Amino acid sequence: MAHPSRVKSKIAGGIPHMPFQEFTASTLEQLLGELKKAKIPDAEIEVSESEDGRHYACSKTLVNILVYTSRSIGEEQDYKDLIALYQYCSDCKNAVRVL
Ligand SMILES: [Zn+2]
């Protein structure tokens, strides 16, 4: 995967995993709960089905979990910054932080 240089490596404290760390999560809800519990400042969590991403081990579709921080930059405008990206395979109960 390419890493565009415009993606800043501004890793906020509070994210409970290291980049490229693989770990087991028994459910998606458990993983989401863990991220919410970490109280990452101003974080928003988005979940999306990955169309093209498939788990190499079982070829099931992966779920993407995106962690943003957002802050206002003027009226009704939000500046969003992706600070972490996880992929989760519900079949293998395997999660990996890919960004
Ligand atoms: Zn899998």
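Predicted model: local features only at pLDDT ≥ 70, side-chain atom pairs only at ≥ 80, totals over all residues.
Me: Why is Glu 44 called exposed?

Reply: Glu 44 has 12 other C-beta atoms within 10 Å. Residues are numbered from 1 along each chain as its sequence is written.

Me: Which residues does Glu 44 touch, leaving out those up to four places away in sequence?

Reply: Glu 44 touches Tyr 68 and Ser 70. Contact here means that the C-beta atoms of two residues, placed from the backbone, lie within 7 Å. As for Leu 66, 22 residues along the chain from Glu 44, the two C-alpha atoms are separated by 8.1 Å.

Me: What makes residues 43-54, where Glu 44 lies, a strand?

Reply: The assignment comes from DSSP: strands are runs of E with at least two residues, helices are runs of H or I with at least four, and both are numbered from the N terminus. Residues 43-54 form strand 2. In total the chain has 1 helix and 5 strands, following the pattern β-α-β-β-β-β along the sequence.

Me: How do you know that strand 2 and strand 3 pair?

Reply: Two strands pair if DSSP finds at least two bridges between them. Strand 2 and strand 3 are joined by 8 bridges and run antiparallel, so they qualify as a pair. Glu 49, for example, has Val 63 in strand 3 as its bridge partner. In the hairpin of these two strands, 6 residues lie between the strands, and Ser 59 takes a positive phi near 60 degrees.

Me: Which other strands pair in the antiparallel sense, starting with strand 3 and strand 4?

Reply: Strand 3 (residues 61-72) and strand 4 (residues 78-89) are joined by 10 bridges. Here Tyr 68 is partnered by Leu 82, and Val 67 stands opposite Ala 84. Their hairpin has 5 residues between the strands, with Gly 74 at a positive phi near 105 degrees. Strand 4 also pairs with strand 5 (residues 94-97), over 4 bridges; Gln 87 stands opposite Val 96 and Tyr 88 opposite Ala 95. The hairpin of strand 4 and strand 5 has 4 residues between them, and Lys 93 in the turn has a positive phi of about 60 degrees. Strand 1 joins strand 5 through 3 bridges, with Glu 22 opposite Val 96 and Thr 24 opposite Asn 94.

Me: What is the order of the strands in the open sheet?

Reply: The order is 1-5-4-3-2, with antiparallel pairing. Strand 1 and strand 2 stand at the edges with a single partner strand each, so one side of each has no neighbour in the sheet. Neighbouring strands are turned by 30 degrees against each other on average, direction ignored; the axes behind such angles are lines fitted to C-alpha atoms, for helices over the stretch in contact, and angles run from 0 to 180 degrees between N-to-C directions.

Me: What makes up the largest nonpolar core?

Reply: Such a core is a set of buried Ala, Val, Leu, Ile, Met, Phe, Trp, Tyr and Cys residues joined through C-beta atoms within 7 Å. The largest one has 12 residues, among them Leu 31, Val 67, Ala 84, Tyr 88 and Ala 95. Helix 1 (28-37), strand 3 and strand 4 each supply at least two of its residues, and strand 4 gives the largest share, 5 residues. Tyr 88 touches several residues beyond four places in sequence, including Leu 31, Leu 62, Ile 65 and Ala 95. Across the 99 residues of the chain, 12% count as buried.

Me: How confident is the predictor, and where is pLDDT under 50?

Reply: The chain averages a pLDDT of 86, and 87% of the residues score at least 70; pLDDT is the predictor's confidence in each residue, from 0 to 100. It stays under 50 over residues 4-12, where the model has 7 contacts beyond four places in sequence.

Definitions and conventions: Buried ≥ 20, exposed ≤ 12 C-beta atoms within 10 Å, placed from the backbone.
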